[in-house]
Amino acid sequence: MEIVPLGDSALIVRVRDRFEDAPEETLDTVLRAFQQLRGADIPGVIELAPAYTSVAFFFDPVAVAKATETRYKMFEWLATRIRGVVAAGADRGRHRSSASPGVRLLEIPVCYDREFALDIDDVAQRAKTSPSEVVRLHSAAEYRVACIGFVPGFPFLTGLPKELTTPRREVPRKEISPGSVGIGGAQTGIYPLRSPGGWNLIGRTPLRLFDSQKNPPALLRAGERVRFRKISRDEFESLRNEKSHPERSEGPRRRSSRHTSESA
Amino acid sequence: MSVIVTRAGFLTSVQDLGRSGFREFGVSSGGGLDSFGLRVANLLVGNHEGAAGLEITLGGLQLRFEDEHVVAWCGGEFDVSIGSTQLPSGHAGHVQAGERLKFGRPQIGCRAWLAVSGGIDVPAVLGSRSTDLRAQFGGFEGRTLRDGDELPLGISPGSLPLATGISMWTAPHDWVSAVMPKPVLRFVRGVDWKRFNASTLRRLTTEAFTVSPDSDRMGVRLKGPELKRADESDLISEAVAPGTIQVPPNGKPILLLGDCQTIGGYPKIVHVITVDLGIAAQLRAGDRVRFSEVALIDAHRLLLKREREFERFRIGLSLQRT
């Protein structure tokens, strides 16, 4: 583990130094550190956020200075506290019989019709297969949210079948419709808001990925599992007209799933 | 109580000290880009320091008040008037019902923060009244102001601190006017500092950079010496923060501001220190800016010193009014 400053009011706890080698295990470790740090009540902490291999730790230097005698060496002071919390948590983790708790699996309906799948031919060509096979592969895999970012609620999903890896478009689109499902490199994701973007679009979901009036405001959070279910254009319309962004307790079909080995 | 936006100006939005607690969902901190200036303006009108005010970019804003209020502003060099009376930055000004407040074009700098007694009383969304312009929520209907908007105003926490005219009291000049004719931003090293070779790093601290026109609340894009990386290995995306200077493959650095994304995959060469973010918020197209290094411990020392002075200022103001 490495702790590095991110300016004077934040730091990054790098829990692992690689991601692609073992995404599942890396995410479990990072999320465990995230939960432990969140529960640790370290003075001056403002907010924490996990991403791939690391946890960002934002703090108020004024509040930290009030809590410590060292005053100016607050980075070292915080780093020591953080190391202690994460190390203690790792010990407890080792004593547990199962390393990973049940993680929510969310099924996301996607309409892969031509109208929404603007770049599916490019993806198919690169994979040397047909568009329908792209849909089959994309909707058969199980994914995991590696990070939420880019715009509020945008999930970066790991677990894309290797054949579907497609580099970003050379010229990004100026505007992408909310709900668009795309492939960017070895990841897939969903655009929650109207925004520019360079990923290859292969479908669209009627679900709302981000709603500032809800808490939590995003449909997904880091670590959660995702599957895509192919739906028709009619189903897309009827789902869109329903109240989208369902409450967490109902809505898209879900089951909890045990830790599995890497799915990609 | 309310105020009418008779002219919205170039780009005006409701901002407070920003949003926290939703970064894991990709929500930026946002808020007034010079949050310290906004805090000072709020104290000058008798508000809680975190009340929502207006962030004005490049001026042109005109307001008509429906009720009597006290206003104050901090920021670049703008001509501001209440009726026909000039209101200098860092002074409180009394506004009568029906009176107008006008912002001219800035001579130096590009942004100002206006506090109004009682604060702009829009609903808090995800814990803040700040407008997230990219995701279009918070503030006034999630957007920049338009001509004719009617903004709700809150009720002052105490009696109005000023019954008439312009206040004698003011705040230190560099707090209320965070503009420098030749801006120098202080930085601490970023995690990817070592990915750049010595001559590139020397250029960062010895040469001037020019602000590009495509800069906004997300970041200031800089032209000048190219900061090419020594190694081209791919980086894993991780957190960025306001103040982070990241360097895309084209070698043109981007200084991130309050509305920046929560994560990024470009190398983080340095971070502008918190006490200089108010100066960064004044950079506009064509401005030249330089950078100089400080130790992390000094960044904290400067921040704590300013905070102690702010505390004294707060106490001083409250004594003055009793």
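Helices (H or I, at least four residues) and strands (E, at least two) are taken here as DSSP runs, numbered from the N terminus. This is a predicted model, in which local features need pLDDT of at least 70 and side-chain atom pairs count only at pLDDT 80 or more, while totals for chains, interfaces and linings use all residues. Residues are numbered from 1 along each chain as its sequence is written, and chains are lettered from A, with ligands numbered from 1, in the order in which they are written.

**Chain A**

Chain A holds 6 helices and 14 strands. A residue is called buried if 20 or more other C-beta atoms lie within 10 Å of its own, exposed if 12 or fewer, and partly exposed in between, with C-beta atoms placed from the backbone; by this criterion 42% of the 264 residues in chain A are buried. Two residues are in contact if their C-beta atoms, placed from the backbone, lie within 7 Å. Of the contacts in chain A between residues at least 6 apart in sequence, 64% join residues at least 24 apart.

With bounds that come from an automatic or database domain assignment, chain A divides into domain 1 (2-95) and domain 2 (105-257). The C-alpha centres of these two domains of chain A are 30 Å apart, and 6 residues of domain 1 are in contact with 7 residues of domain 2. On the domain 1 side of this contact, the elements of chain A that give two or more residues are α1 (23-40) and β3 (45-51), and α1(A) gives the most, with 3 residues. For classes, Ala, Val, Leu, Ile, Met, Phe, Trp, Tyr, Cys and Pro count as nonpolar, Asp, Glu, Lys and Arg as charged, and the others, Gly among them, as polar; the domain 1 side then has 6 nonpolar, no polar and no charged residues.

A:E170 sits in the loop between β7 (155-158) and β8 (173-176) of chain A, and A:E170 is exposed, with 6 other C-beta atoms within 10 Å. From A:E170 to A:S195 the separation is 25 residues in sequence and 17 Å in space, C-alpha to C-alpha.

**Where the chains meet**

The contact between the chains takes 41 residues from chain A and 37 residues from chain B. On the chain B side, the elements that give two or more residues are β16 (238-239) and α5 (296-320) of chain B, with α5(B) giving the most, at 8 residues. That side of chain B divides into 19 nonpolar, 12 polar and 6 charged residues.

A nonpolar core is a set of buried Ala, Val, Leu, Ile, Met, Phe, Trp, Tyr and Cys residues joined through C-beta atoms within 7 Å. The largest such core has 118 residues, and those with the most contacts inside it are A:V55, A:A56, A:F57, B:A239 and B:A280. Leaving aside residues up to four places away in sequence, A:A56 touches residues including A:L6, A:I12, B:E238 and B:A239.

**The sheet around β10 of chain B**

Two strands pair if DSSP finds at least two bridges between them. An open sheet of 6 strands in chain B has the order β2-β3-β10-β5-β8-β12, with antiparallel pairing. Strands β2 (11-15) and β12 (166-170) of chain B stand at the edges, each with a single partner strand, so one side of each has no neighbour in the sheet.

| Strand of chain B | Bridges to β10(B) | Direction |
|---|---|---|
| β3 (residues 53-57) | 4 bridges | antiparallel |
| β5 (residues 69-75) | 5 bridges | antiparallel |

Within these pairings, B:T57 stands opposite B:R111, B:I56 has B:A112 as its bridge partner, and B:C74 is the bridge partner of B:W113. Because 6 of the 6 residues of β10(B) (residues 111-116) are buried, this strand is largely enclosed by the rest of the structure. Both of its faces are covered, with B:R111, B:W113 and B:A115 buried on one side and B:A112, B:L114 and B:V116 buried on the other.

Helix α1 (residues 35-44) of chain B lies across β2, β3, β5, β8 (91-95) and β10 of chain B, running at about 30° to β10(B), where axes are lines fitted to C-alpha atoms, for helices over the stretch in contact, and angles run from 0 to 180 degrees between N-to-C directions. In α1(B), 10 of the 10 residues are buried, so this helix is largely enclosed by the rest of the structure. B:G46, which follows α1(B), has a positive phi, near 85°.
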